[in-house]
Amino acid sequence: MDLVQFQKDRCKGCELCVGFCARGCLGMSDELNAIGYRYAKLVNPEKCTGCGVCADMCPDTVIRVFRKTKKVKSHV
Ligand code: SF4
Ligand code: SF4
């Protein structure tokens with residue numbers, strides 16, 4: 001599963017998220033979504049750190065970011 005998921009048919013193509021991803025993970029589709037806009041998508045998933053900036057910047061809450069969790073060893 002990708003760390004970043006989009007509700008693509010709610011995206012209005014503003015590209016804010018693309019500009020704010022410092023690692024260049026995001027890009028715009030060539031196709032149009034259900035409401036007639038090119039939509040944001042993950043184009044370099046291997047570079048994503050799960051920082052959540054893209055989700056914070058999206059004015060329409062289109063993006064959800066899932067962070068990987070580390071298993072913590074118990075010494076009890
Ligand atoms: S979670 Fe961070 S690194 Fe990943 S796509 Fe969003 S802004 Fe870029
Ligand atoms: S900030 Fe939100 S509405 Fe704008 S392109 Fe990104 S996902 Fe789409």
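Okay, let's start with the shell around ligand 1: by class, that's 9 nonpolar, 3 polar and 1 charged residue. For the classes, Ala, Val, Leu, Ile, Met, Phe, Trp, Tyr, Cys and Pro are nonpolar, Asp, Glu, Lys and Arg are charged, and the others, Gly among them, are polar.

Quick housekeeping. This is a predicted model, where local features need pLDDT of at least 70 and side-chain atom pairs count only at pLDDT 80 or more, while totals for chains, interfaces and linings use all residues. Residues are numbered from 1 along each chain as its sequence is written, and chains are lettered from A and ligands numbered from 1 in the order in which they are written.

Back to ligand 1. The shell has 13 residues, with Cys21, Cys25, Cys48, Cys51 and Cys54 as the closest; to be in it, a residue needs its C-beta atom, placed from the backbone, within 6 Å of the ligand.

So which residues are closest to ligand 2? Those are Cys11, Cys14, Cys17, Ala40 and Cys58, out of 14 that surround ligand 2.

Now the fold. The order from the N terminus is β-α-β-β-α-β, so to speak 2 helices and 4 strands, taken as DSSP runs (helices H or I, at least four residues; strands E, at least two).

Next, the core. The largest nonpolar core has 13 residues, and Phe6, Cys17, Leu26, Ala40, Cys54 and Ile63 have the most contacts inside it. Strand S1 (4–6) and S3 each supply at least two residues of this core. A core here is a set of buried Ala, Val, Leu, Ile, Met, Phe, Trp, Tyr and Cys residues joined through C-beta atoms within 7 Å. Buried means 20 or more other C-beta atoms within 10 Å of the residue's own, exposed means 12 or fewer, and partly exposed is in between, with C-beta atoms placed from the backbone. Of the 76 residues, 17% count as buried.

Take alanine 40, please. Leaving out residues up to four places away in sequence, alanine 40 touches Phe6, Cys11, Cys17, Val18, Leu26 and Met28, a contact being two backbone-placed C-beta atoms within 7 Å.

Then there's glycine 52, in the loop between strand S3 (38–42) and helix H2 (53–57). Why does glycine 52 count as partly exposed? Because glycine 52 has 15 C-beta neighbours inside 10 Å. Its C-alpha atom is separated by 9.5 Å from that of leucine 3, 49 residues apart along the chain.
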